[in-house]
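Visitor: I would like to learn how to read a structure like this one, feature by feature. Could you take me through it slowly?

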Amino acid sequence: MRDVTNLVVLPLETLLALLSVTCNTVIVVAILRTRSIQRPSMLLLGSLSITDVIWAILSAYQNIKFFVLKNPCPEEEDVEELIVGVLCFFSTLGSLAMISYDRLMAVSNPLRYRSQATRSRTIKQIAMVWVIALIFAVILSGHNQFPSVASKFSYLGSAVSIFYALTIVGGYIGVLIANCRHKASMHLYGGPMRMVLKRQKKIANTVGLILLASCLTLLPAMIIPIVFYHLNSSIPSDATPLKPLRSIFITLNGLLNPLLNYGRDKDVRRTVRSLIRCQSCSQEVRHGGDRDNGQRHRNLVCLRSNNIVTVASH
């Protein structure tokens, strides 16, 4: 199993991590640079992409360190790595909970949602999620220095995680119920209201696919250590070699999120293409300018040589 981990799992996870960093960074840059798509739903998805970028960088760093140091097997996490892992865990759950609640409000009452869901309010919600995640990450990572405080916060962290999970599940169940209700009464709405409902429903379907991808990738990451523990009657520390196998599912989830976001949202596709087109155009202009400067320099040299010859002949 160690050979499979070293030769297959770790290189594959490193490749997935690099792809995840690239794709999520493109999505985040597109959202930050284009104000027209900075809707509450896109800002929340951008927060989720930032979480995926941080986790992918951590995974790539751990794997590269493993290959450079030539360790026989993956070691326990450092304090910094534990902080980043806990930060990504709570920020991912918090972002998914906020996204589910946002979609529930948007589909249930679109008119009220358009008046209440503002950009500033969404940014405050994102900041609250990250502050909570940072607090838990710092305190839970200090379990060796402050065991009593860390143990109390571990129970609080479990409660917050359960609250996030219930919000995610309940929010999406509410979205499904609201979609069924609107589908039955769609003929009663006018043209503008019908367009708003269709747009919100499409975004809700994208969020549903992201949640489904999270379940299909994160659940195996949680189930594998439990199965290993029960089959081999080992203690959690003996499951350390399974850490790369768990991590690869989480990294895969971070790669699927931006791909689903790009494939399902037309505005995101248009923005990403325009950014890539602008970058290629700027490079062509820069290279063209360099060529023009070089040609101008050669022309000046030729003129100077002609002037010298002309003076000598006179």
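Visitor: Is Phe90 buried or exposed, and what is its relative accessibility?

Guide: In this model, which is predicted, Phe90 has a relative accessibility of 4% and therefore counts as buried, since buried means under 20%. Phe89, at 41% relative accessibility, counts as partly exposed.

Visitor: How many aromatic pairs does a search of the whole structure find, and how is a pair of aromatic rings described?

Guide: A pair of aromatic rings is described by the distance of the centres and the angle of the planes. A search of the whole structure finds 3 aromatic pairs. In the pair of Phe89 and Phe90, the ring centres lie 5.1 Å apart and the planes stand at 85 degrees, so this pair is edge-to-face, the word for planes over 60 degrees apart. For Phe163 and Tyr164, the centres are 6.2 Å apart and the planes are at 45 degrees, so that pair is tilted.

Visitor: Are Phe163 and Tyr164 buried or exposed?

Guide: Phe163 counts as exposed because its relative accessibility is 53%, whereas Tyr164, at 7%, counts as buried.

Visitor: Which residues do ring pairs link into a cluster?

Guide: The cluster linked by ring pairs consists of Phe89, Phe90 and Phe136.

Visitor: Let us turn to helices. How are two packed helices described, and what are the values for H2 and H8?

Guide: Two packed helices are described by the angle between their axes and the distance between the axes. Here helix H2, covering residues 40-69, and helix H8, covering residues 243-264, have axes that come within 9 Å and cross at roughly 145 degrees. The crossing of H2 and H8 is left-handed.

Visitor: Which residues of H2 and H8 meet?

Guide: On the H2 side the residues are Met42, Leu45, Leu48, Asp52, Trp55 and Ser59, and they meet Ser247, Ile250, Thr251, Gly254, Asn257 and Asn261 of H8. Sorted by kind, the residues of this contact between H2 and H8 divide into 5 nonpolar, 6 polar and 1 charged.

Visitor: Where does Asp102 lie, and which residues does Asp102 touch beyond those up to four places away in sequence?

Guide: Asp102 has its place in helix H3, which spans residues 79-108, and Asp102 is buried, with a relative accessible area of 9%. Not counting residues up to four places away in sequence, Asp102 touches Pro40, Ser41, Leu44 and Tyr113.

Visitor: What can be said in the same way about Thr122?

Guide: Thr122 lies in helix H5 and is buried, with a relative accessible area of 3%. When its neighbours within four places in sequence are left aside, Thr122 is in contact with Pro40, Leu43 and Leu44.

Visitor: Where is Ile135 placed, and how far is its C-alpha atom from that of Leu87?

Guide: Ile135 is also found in helix H5, residues 119-141, and counts as partly exposed at 42% relative accessibility. Although Ile135 and Leu87 are 48 residues apart along the chain, their C-alpha atoms are separated by 8.5 Å.

Visitor: Finally, how many disulfides does the structure hold, and are Cys88 and Cys215 buried or partly exposed?

Guide: The structure holds 0 disulfides. Cys88 counts as buried, with a relative accessibility of 5%, while Cys215 counts as partly exposed, with a relative accessibility of 41%.

Methods:
Residues are numbered from 1 along each chain as its sequence is written. This is a predicted model: local features need pLDDT of at least 70, side-chain atom pairs count only at pLDDT 80 or more; totals for chains, interfaces and linings use all residues. Side-chain values use heavy atoms; hydrogens and water are left out. Axes are lines fitted to C-alpha atoms, for helices over the stretch in contact, and angles run from 0 to 180 degrees between N-to-C directions. Helices (H or I, at least four residues) and strands (E, at least two) are DSSP runs, numbered from the N terminus. A crossing is left-handed if the near helix is turned anticlockwise from the far one by less than a right angle, and right-handed if clockwise. Contact means heavy atoms within 4.5 Å. Ala, Val, Leu, Ile, Met, Phe, Trp, Tyr, Cys and Pro count as nonpolar, Asp, Glu, Lys and Arg as charged, and the others, Gly among them, as polar. Rings of Phe, Tyr and Trp (its six-membered ring) pair if their centres lie within 6.5 Å; planes under 30 degrees apart count as stacked, over 60 as edge-to-face and the rest as tilted. Buried means under 20% relative accessible area, exposed over 50%, partly exposed in between (1.4 Å probe, protein chains only). A disulfide is a pair of cysteine sulfur atoms within 2.5 Å.
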